[in-house]
Amino acid sequence: MSAPTEKKMVDVFSDVERETARTANPSGYAVTELAAADPRVLTLSADLSNTLAEFREKFPERYVELGIAETNSVSVAAGLATCGFKPYIFSMAPFGVLKTAEQLRTDVDYNHLPVRLVGRLSGLAMGYFGTSHYAVEDIAIARTLNNTTVIAPADAASAVALLKQNAGHDGPAYIRIAEQVPAVYEEEPAYEFGKWLKIRDGGDLTLVGHGLGVSLAVQAAQQLKDEHGVEADVFDAAYLKPFDEAALADSAEKTRNVLAIEDHSVVGGLGTIVAETLAKHQIQARLKQAALPAADLEVGVPAELYEHYGLTAATVTTKALDLIRK
């Protein structure tokens, strides 16, 4: 079995369809657009067929449904990649990286294969199902895979932009999709591989976040300015691996106060990477995290869980003020 090599652009969406899909289902929309431009793109679903409904309709011959067989999906994708295809696996984040770590390491990462694992329902998005359905350790695991790029878009527009931006990269990638987060960008932002986007400029504090954390950072920065006269650097840390050490180092040298914001465990995620980077560059800066505790987490409605664990703009603002006042 060999993949087609020619590229052709097919207009698969009407204008109305495109706008609706881009907002409501950014990851499914983006991979459908990629498939329209490249016949080597195909998708594998681990019980996430609803996300790929548009793709399945437009390119049924390039859609593979594996059901609740996440580990198999990675090995099948690895085999297809060796035949010249560009597979995108769509999986629930709790059963993506966590459940398939061995297959990702041995079948995909070790062989430098262009397999993309797209993780939907990350963080506490499935809070009502309990801890078995939380994805709060996935970044910690994914970033240990030597050749795997780790990406966490901030909103729908950035998800589309990052999926497109990463399409030409040769190696594997884990793309962590944030669910139902407030919009940060009005249009698709322009990313460079491995680089952060700077959203605000300030000298008192550095706010860095990914996914939900970006929106919280933007809201908190505005509140800090309006109510306390505090000016913050705000970064969209969409690339967690490779990590934009230069952006963090330059900002931390200036502000000496860094707050990392994420819907991930305090262990192994953005806060840990920030701490490692500050130590590596011997930067003396105060560091706080707004993240999920390394503890057994409660069960409940996602919005209420985030409120309970302090992943709100108000709590981020309070943490920021506490940080700079010390």
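Trainee: What is the reach of helix 12 from its first C-alpha to its last, and how does it compare with expectation?

Mentor: Helix 12, residues 313-325, has 13 residues and reaches 18 Å. The expected span is 1.5 Å times one less than the number of residues, and for helix 12 that expectation is 18 Å, so the reach is close to it. This is a predicted model, in which local features need pLDDT of at least 70 and side-chain atom pairs count only at pLDDT 80 or more, while totals for chains, interfaces and linings use all residues. Residues are numbered from 1 along each chain as its sequence is written, and side-chain values use heavy atoms, with hydrogens and water left out.

Trainee: What makes a stretch a helix or a strand here?

Mentor: Both are DSSP runs, numbered from the N terminus: a helix is H or I with at least four residues, a strand is E with at least two. Residues 313-325 carry the name helix 12.

Trainee: Which residues of helix 12 are called buried?

Mentor: They are Ala313, Val316, Thr317, Ala320, Leu321 and Leu323, where buried means under 20% relative accessible area, exposed over 50% and partly exposed in between (1.4 Å probe, protein chains only).

Trainee: What covers the buried residues of helix 12?

Mentor: The cover includes strand 8 (205-209), helix 8 (212-228), strand 11 (257-265) and strand 12 (286-292), with contact meaning heavy atoms within 4.5 Å.

Trainee: Why are strand 7 and strand 12 said to stand at the edges?

Mentor: Five strands form an open sheet of mixed pairing in the order 7-9-8-11-12. Strand 7 (197-200) and strand 12 each have a single partner strand, so one side of each is left without a neighbour in the sheet. The twist averages 25° from one strand to the next. Two strands pair if DSSP finds at least two bridges between them. Strand 7 and strand 9 (residues 232-236) have three bridges, in the antiparallel sense, and therefore meet that requirement. Within strand 9, Asp236 is the bridge partner of Leu197.

Trainee: How do you know that strand 3 and strand 4 pair?

Mentor: Strand 3 (residues 86-92) and strand 4 (residues 116-120) share five bridges in the parallel sense; Phe90 stands opposite Val118, and Met92 opposite Arg120. Strand 1 and strand 3 are also parallel, over six bridges, and Ile89 in strand 3 partners Leu44.

Trainee: What makes strand 3 mostly covered?

Mentor: Six of its seven residues are buried. Helix 2 (residues 26-37) lies across strand 1 (41-46), strand 3 and strand 4, running at about 170° to strand 3. Such angles run from 0 to 180 degrees between N-to-C directions, with axes fitted to C-alpha atoms, for helices over the stretch in contact.

Trainee: What are the domains, and how are their bounds known?

Mentor: They are domain 1 (18-176) and domain 2 (197-325), and the bounds come from an automatic or database domain assignment. Their C-alpha centres lie 26 Å apart. The contact takes 31 residues from domain 1 and 28 residues from domain 2.
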